[in-house]
Amino acid sequence: MGQPLRSITIVGGGSAGWLTATFLNRFCKSKDARHEFEITLIESPGIPIVGVGEASLPGMVVLLNQLGISEAEFFKLTDATYKVAAHFINWNHDDKGRPIEFLNVLNGPNAIDGRQLADYFVTFDSARASPSAGLDYVRTFSPAVEIMLRNLAPRRPGSPEFSAELGYTYHFDATKLATFLKDIATGRGVKHVLDDVDKVNLDERGFVKSLDLRRSGEHPVELVIDCTGFRGSILQQAMGEPFEPYGEYLLNDRAAVVQIPHKDPNVIAPTTRATAFSSGWNFNIPLTTRVGTGYVFSSQFISEDKAVEELLAFYGDQAKGCEARVIPMRTGRVRNAWVKNCIALGLASGFIEPLEATAIFMSDLGARWLHHYMPTTDFEPELATAYNRQIRRLYEEVRDLVQLHYHLNNRQDSAYWKAAREDMKLSDRLQENLKVWRHATPEPLDLESSFLFSSPVYTLVLIAKGFYKDAQLATAPFLSRQVYERYRNDVREGRRDQLQGLIGQAEFLKTGGKATGPLAFPRAADLAGFGPGNTKINLPIHPGFSHGQRKGKRR
């Protein structure tokens, strides 16, 4: 067996590079004082950060807590806001051609009498056939709809950090997040080198031996992490690892992005909005200082100029004087994210459009799995094989869930939406599951991978898109209407308590969580909150983590 590694080199900053540096510095430091361990991040001074990943999944809450980062400080330095759901608008139409909307929330329901809540909803609730089925189903187990409609913060004023009535995560400025993590990482001992990599030197085995830096000369390498974005400067360019595109599964290959002011700075939505356009969709991410928005589209169906025109027209006066830029997107992943002594993370590993805000959490998982599979100087191939297997499963999981949104659209007003529904390839697993789900709601055993999205996520999307509008589940004879009605009554009685004491998000953030005006609802005793220990995420369990050691349930 080889010796423990003494150094890790990360090439590329941005949110992926600095997240990885901060995480590995926190959890890979040797407890043996005789064993030196150094992390160096090399960042080009002339390459700007790609501003993707301005929304996240609940794993971000876990990460901040595990890294010992103050939530208040994070909000202050990244212009962050709370997110309780993704708000989908116009992806499907009702019988009169009017847009349908639904929420993909961050908490899943509990079972009732040993059966999925969805089974009862589909069997007994007339709302399953309504255009608002998605919102009605969420109301059966979560206060997220009311919080969205009133633009509330999910935390009560004065409540402890990382606690809330329901699962939440964040919106943030991606560039400021990178700076925030850089300051933390360098303050804790990560070495930061501002320099350009002019050449990657390989040894006779094809391993990265060293990097030629323009100003600093040759930099020796033990393990190198490629965070160079879409360029993939080390793994793809220098080492020749091929990229496997997902173009046959997903249409979109461009994003027109722009930053615009708030329409009303006193109203900050606690959701990421995803509004379907003619040839793609618009994201709307509210920060404290601005709104990040853009049009993710397919160049097969609309030109770049027309896409920008459609985007700016949608926001009207709110976008007056703002200029959008178009970013090419290459959807897919590298064949192997770990080759020899190089591991790609972030955009260098792959990219799937940001519909479900997965970019940051995929980098987070990549860093965690590297920590779990950390090699010695022998670079055991079995570890790389295991790591690559998980990364493949992760990308395919995200691809399938994103494609489900498109495949189940029913829009008849656009060639793009017809192609997204009828012409794109589905994975064998997704095709098989859609047939199974005609008779039964999704279960964990249906999914090959649920690192980010477990079965309740699929259930919610299916219900929202009318998949179970006329369904007769095989489980129906085993369910009791009386049990469901009793559950619904309990939810209605408890909902007001869940919402008591919550205030508008804009006011909450402006006052740092200290109410200065009337509350949206009378204050009540705080209910049990959610924290990193029971958040709905599957994370690796590591000895020594002070939080997040219990296996999560969802997202």
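This is a predicted model: local features need pLDDT of at least 70, side-chain atom pairs count only at pLDDT 80 or more; totals for chains, interfaces and linings use all residues.
Helix α3 (residues 71-78) meets helix α7 (residues 174-187), and helix α4 (residues 117-124) meets helix α15 (residues 481-499). The largest nonpolar core has 165 residues.

**Helices α3 and α7**

- The crossing of α3 past α7 is right-handed.
- On the α3 side, the residues in contact are Glu-73, Phe-74, Leu-77 and Thr-78, and on the α7 side they are Lys-176, Leu-177 and Phe-180.
- Sorted by class, this contact has four nonpolar residues, one polar residue and two charged residues.

**Helices α4 and α15**

- The axes of α4 and α15 come within 10 Å, with a crossing angle of roughly 110°.
- Angles of 65 to 115 degrees count as roughly perpendicular, so α4 is roughly perpendicular to α15.
- From α4, the contact uses Leu-117, Tyr-120, Phe-121 and Phe-124, while α15 brings Arg-481, Val-483, Tyr-484 and Tyr-487.
- Seven of these contact residues are nonpolar, none is polar and one is charged.

**Nonpolar cores**

- Within the largest core, the residues that touch the most other members are Phe-74, Tyr-170, Tyr-387, Tyr-406 and Leu-452.
- Helix α11 (residues 381-407) supplies the largest share of this core, with 11 residues.
- There is also a second, separate core of 14 residues, and its members include Ala-256, Val-258, Tyr-315 and Cys-322.
- You have already met one of the residues named here: Phe-74 belongs to the largest core and also takes part in the contact of α3 with α7.

**Two loop residues with positive phi**

- Asp-79 has a phi near 60°, which is a positive value in a residue other than glycine.
- To find Asp-79, look in the loop between α3 and β3 (81-83).
- Asp-79 counts as buried because its relative accessibility is 8%, and the cut-off for buried is under 20%.
- Asn-151 also has a positive phi, near 55°, and is likewise a residue other than glycine.
- The loop that holds Asn-151 lies between α6 (144-149) and β6 (169-171).
- Asn-151 is partly exposed, as its relative accessible area is 23%.

Note on methods:
Residues are numbered from 1 along each chain as its sequence is written. Side-chain values use heavy atoms; hydrogens and water are left out. Axes are lines fitted to C-alpha atoms, for helices over the stretch in contact, and angles run from 0 to 180 degrees between N-to-C directions. Helices (H or I, at least four residues) and strands (E, at least two) are DSSP runs, numbered from the N terminus. A crossing is left-handed if the near helix is turned anticlockwise from the far one by less than a right angle, and right-handed if clockwise. Contact means heavy atoms within 4.5 Å. Ala, Val, Leu, Ile, Met, Phe, Trp, Tyr, Cys and Pro count as nonpolar, Asp, Glu, Lys and Arg as charged, and the others, Gly among them, as polar. A nonpolar core is a set of buried Ala, Val, Leu, Ile, Met, Phe, Trp, Tyr and Cys residues joined through side-chain atoms within 4.5 Å. Buried means under 20% relative accessible area, exposed over 50%, partly exposed in between (1.4 Å probe, protein chains only). Angles under 35 degrees count as roughly parallel, over 145 as roughly antiparallel, 65 to 115 as roughly perpendicular and the rest as oblique.
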